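Here is a short report on how two chains meet and what surrounds a ligand. Look over the sequence and the model, then read on.

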Amino acid sequence: MLEIRNLNYTVKDERGKADILKNINLDIEAGKFVVITGPNGSGKTSLAKAIMGLIPGESGEITGSIKYNGQELTGLGVTGRARLGISYGFQQPPRFKGMQVTDLLSIAAGKILKRDEHCALLSQVGLCTDDYLKREIDTSLSGGELKRIEIATLLARDVSLMIFDEPEAGIDLWSFSKLTETFKIIHKQKKETTIIIISHQERIIKLADEIILVSAGAITKRGSVEEVLPLIMNETVSDCVYLGGAVNE
Amino acid sequence: MNDIEKNLLLQVADLHDVPMGAYNIREDGALHSRQSTESIEIITKKDKPGIDIRIKPGTKNESVHIPVLITRTGYSEMVYNDFFIGEDSDVLIVAGCGIHNGGCETSQHDGIHTFYLGKNARIKYVEKHYGEGSGTGERIMNPQTVVYMEEGSYIEMETVQIKGVDSTKRHTKIEAAAGCEILITEKLMTHDKQTAVSEMDVLLEGEGSRARVISRSVAQDESEQTFYPRVKGMSDCFGHVQCDSIIMHNAKVRSIPEISANHVNAQLIHEAAIGKIAGDQLLKLMTLGLSEEEAEERILSGFLK
Ligand SMILES: Nc1ncnc2c1ncn2[C@@H]1O[C@H](COP(=O)(O)OP(=O)(O)O)[C@@H](O)[C@H]1O
Ligand SMILES: [Mg+2]
């Protein structure tokens, strides 16, 4: 169970102060599949990073409370939160010169994985394994490949809260189908695992138990797919529909 | 062998005991043990310290280990080892030097390794340097490697210095004839007040010769590193130099790659980068449950792998 109370995140910018997150209150029960959606710059990544503890103190001020399974996360570092079972797949994952895919997956799993274990993980994200096991996580990987390896690092861990930040970005259609299938399977098989996906994709949104709409740093709507999807389909922000139709945009 | 000697051997040659195949173990200037084989002959030089290693043409799938161990404080040496690699052979050569200095005087190993590669010969040459010991005496290693390559020959050279060498000056010089291929990977980590200088001169003389130089280093604490990888193209050839350094604490790193072309079809590239560990790399590994220190260690070991 994730409980967020009066969460505010303010940064200093050229114009003085900017409120990135404004009084967020949110409860997500264990085992739920939730999609967070909203326009670019609305604060979705900031919210995810606040949960994972990834916002450094010097970049702004965070107030309010985030509890996970009853435990207050404020004051706990990234490592501590990770060890409580929280995980976050970066919107823009870093690259590691010299480190191989198998190294990173083994770090994620907390043990040296066997070949077939690597293969199982990579096939869940639609990567043909033999080609990738020994690849270095450097600039030789495309954005979409990097993104899928990032997702595999979460699948390698035994966690109870998974937050994926725009997992569809840069991924081709075929792999995207594989990925949505994987999310579906995790949700079905791991009954206690909470899944939060930040996404603009209709096909991912349709998988969710609940949709949360974020706009200008605040939660503006929560509800079932049936309730919220028609709203976002119609909604325009500065005359632009933000919801992505195609995957490779 | 005692435990100190055994550990040095493990560090510089990945050996738990005397190796298979041909070997020559030198300790504090004296011959510890040696074995020649049918096709690899090791002979002591008569005019100066060192050995000649003669590999018969066509020798395949064999290895030569020639580790040097120094355990006596204050011991310094200059060693000349010459390798004659016969045509069409394909061998692994593992050199390396381990210094255990438990005293207060400087221990130093200087060595010149000269390779003569026959036509179409292939070698993998691995050289590891390692220092240890609680004494205040410095541990110094100055290796020189000179390689003369005949047509169609191949060298893969891997040099590794990860720990405990206070001062090192390395010079590698390679001359490549037509169709030769060179792959050099250099891995270096310095810490405390260590200094390291690595110079490299790769001369691509022959048509179709190719060289790749990959240098990765980590400079910690107050240590200083300087790199001068130079590749010169004299013909229709290809050369690529890639230097990457991670800088930490108060270390200093200089990287001065040079490529020079004396032929219109010489294609030469260099890339050099110095930077600290990226913050998002640390954070990513921390989201996988590692502490910051563990994350740093994994990033460095991946980088130097
Ligand atoms: N450290 C920061 N300093 C200044 N502005 C920031 C900082 N972090 C995020 N922002 C701003 O906050 C807004 C929300 O960003 P983000 O959470 O990445 O949005 P989203 O993920 O919804 O696209 C953006 O306008 C972004 O520029
Ligand atoms: Mg975002």
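## Polar contacts and salt bridges between the chains

On chain A, the elements giving two or more residues to the side that touches chain B are α2 (78–83), β6 (86–89), β7 (96–100), α3 (101–109) and α6 (143–156). The top contributor is β7(A), with five residues. Helices (DSSP H or I, at least four residues) and strands (E, at least two) are DSSP runs, numbered from the N terminus. By class, this side of chain A has 14 nonpolar, four polar and seven charged residues. Ala, Val, Leu, Ile, Met, Phe, Trp, Tyr, Cys and Pro count as nonpolar; Asp, Glu, Lys and Arg are charged; the others, Gly among them, are polar.

Five salt bridges join chain A and chain B. A salt bridge needs a side-chain nitrogen of Lys or Arg within 4 Å of a carboxyl oxygen of Asp or Glu. Lys97(A) pairs this way with Asp244(B), with the closest N and O atoms 2.9 Å apart.

## Basis of the model

This is a predicted model: local features need pLDDT of at least 70, side-chain atom pairs count only at pLDDT 80 or more, and totals for chains, interfaces and linings use all residues. Residues are numbered from 1 along each chain as its sequence is written, chains are lettered from A and ligands numbered from 1 in the order in which they are written, and side-chain values use heavy atoms, leaving out hydrogens and water.

## Area of the interface

How many residues of each chain are in contact? Chain A brings 25 and chain B brings 20, where contact means heavy atoms within 4.5 Å. The two chains bury about 1900 Å² between them, 61% of it on carbon and sulfur atoms. Phe96(A), Lys97(A) and Ile107(A) supply 30% of the area that chain A buries against chain B, more than any other three residues. Buried area is the accessible area (1.4 Å probe) that two parts lose on being put together, summed over both.

## Around ligand 1

The shell around ligand 1 (residues with a heavy atom within 4 Å of it) has four nonpolar, six polar and one charged residues. Among them are Tyr9(A), Val11(A), Ile20(A), Pro39(A) and Asn40(A). A backbone N or O atom of Ser42(A) lies 3.2 Å away from one. A side-chain N or O atom of Lys44(A) is at 2.8 Å. For Ser46(A), a polar side-chain atom is at 2.6 Å.

The protein covers 60% of the 560 Å² of accessible area that ligand 1 has on its own. Accessible areas come from the Shrake-Rupley method with a 1.4 Å probe; for residues, only the protein chains shown count as cover. The most come from α1(A), with three.

## Elsewhere in chain A

Over all chains, the structure holds 22 salt bridges. One links Arg222(A) to Glu210(A), at 2.8 Å from N to O. Arg222(A) is in strand β12 (residues 218–223) and Glu210(A) in strand β11 (residues 210–215), twelve residues apart.

Most residues other than glycine have a negative phi. Asn69(A) has a positive phi near 50°, in the loop between β4 (61–68) and β5 (71–72). Glu166(A) has a positive phi near 45°, in the loop between β9 (161–165) and α7 (173–189).

Methods:
A polar contact is a pair of N or O atoms within 3.5 Å; within protein, one must be able to donate a hydrogen and the other to accept it, and residues adjacent in sequence count only if both atoms are side-chain atoms.
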